Amino acid sequence: MESQKSINNCMKELFDFGFTAVDESELDAVQQLENASDAVDDYLTRLDNLYNAIQPLLTNLKMNPEKEYILWPNRLEKIEEFETHIQNIYKGS
């Protein structure tokens, strides 16, 4: 009997194909977890993109603190372009 258990254990190890039987509720839970993981990845990517878009602006604004004024030609157009860029990142488009 002991050798039969040993053979069964050996066979289980040899023929472990890496899957487990689950019922429908367990499958739904795994799929929801995968969907949540994808959403988190999307939000993290968008957050990184927001940071990477804003950081150069802040760096440039800090560049010459001794100067009281900033020369910024076409400021309105550039700000509107940047605003559109930030909104696209925020919306995920």
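User: Is Arg46 buried or exposed?

Analyst: Start with the scale. Buried means under 20% relative accessible area, exposed means over 50%, and partly exposed lies in between (1.4 Å probe, protein chains only). Arg46 has a relative accessible area of 18%, so Arg46 is buried. This is a predicted model, in which local features need pLDDT of at least 70 and side-chain atom pairs count only at pLDDT 80 or more, while totals for chains, interfaces and linings use all residues. Residues are numbered from 1 along each chain as its sequence is written, and side-chain values use heavy atoms, with hydrogens and water left out.

User: What share of the protein's 93 residues counts as buried?

Analyst: The share is 4%. The protein exposes about 8800 Å² (Shrake-Rupley method, 1.4 Å probe; for residues, only the protein chains shown count as cover). Carbon and sulfur atoms supply 57% of that area.

User: Which side chain meets Arg46 in a salt bridge?

Analyst: A salt bridge is a side-chain nitrogen of Lys or Arg within 4 Å of a carboxyl oxygen of Asp or Glu. Here the partner is Asp42, at 3.1 Å, N to O. By this rule the count comes to one salt bridge. Asp42 is partly exposed, at 37%.

User: How far apart are Asp42 and Arg46 in helix H2?

Analyst: They are four residues apart, so about one helical turn separates them.

User: How many helices and strands are there?

Analyst: Helices (H or I, at least four residues) and strands (E, at least two) are DSSP runs, numbered from the N terminus. This protein has three helices and zero strands. The order from the N terminus is α-α-α.

User: How do I read the length of H3?

Analyst: Compare its reach with the expected span, which is 1.5 Å times one less than the number of residues. H3 covers residues 75–91, which is 17 residues. First to last C-alpha, H3 reaches 24 Å, close to the 24 Å expected. Now look at both ends. Just after H3, Gly92 has a positive phi of about 80°. Asn74 sits in the loop between H2 and H3. Its phi is near 55°, a positive value in a residue other than glycine. Asn74 is exposed, at 53%.

User: Which residues form the nonpolar surface patch?

Analyst: Patches take residues with over 30% relative accessible area and no salt bridge; like charges are joined within 9 Å, nonpolar side chains (Val, Leu, Ile, Met, Phe, Trp, Tyr) within 5 Å. The nonpolar patch has Ile54, Leu57, Leu58, Leu61, Ile70, Trp72 and Ile79, and about 560 Å². H2 gives the most, with four residues. Leu58 lies in H2 and is partly exposed at 39%.

User: Which residues form the negative patch?

Analyst: Lys and Arg count as positive, Asp and Glu as negative; His and the chain ends are not counted. A charge is placed at NZ of Lys, CZ of Arg, CG of Asp or CD of Glu. The negative patch holds Asp23, Glu24, Glu26 and Asp28. Glu26 belongs to helix H2. Glu26 is partly exposed, at 41%.

User: Where is Leu47, and is it buried or exposed?

Analyst: Leu47 is in helix H2, residues 24–62. At 52% relative accessibility, Leu47 counts as exposed. The C-alpha atoms of Leu47 and Tyr90 are separated by 8.2 Å, though these residues are 43 residues apart along the chain.
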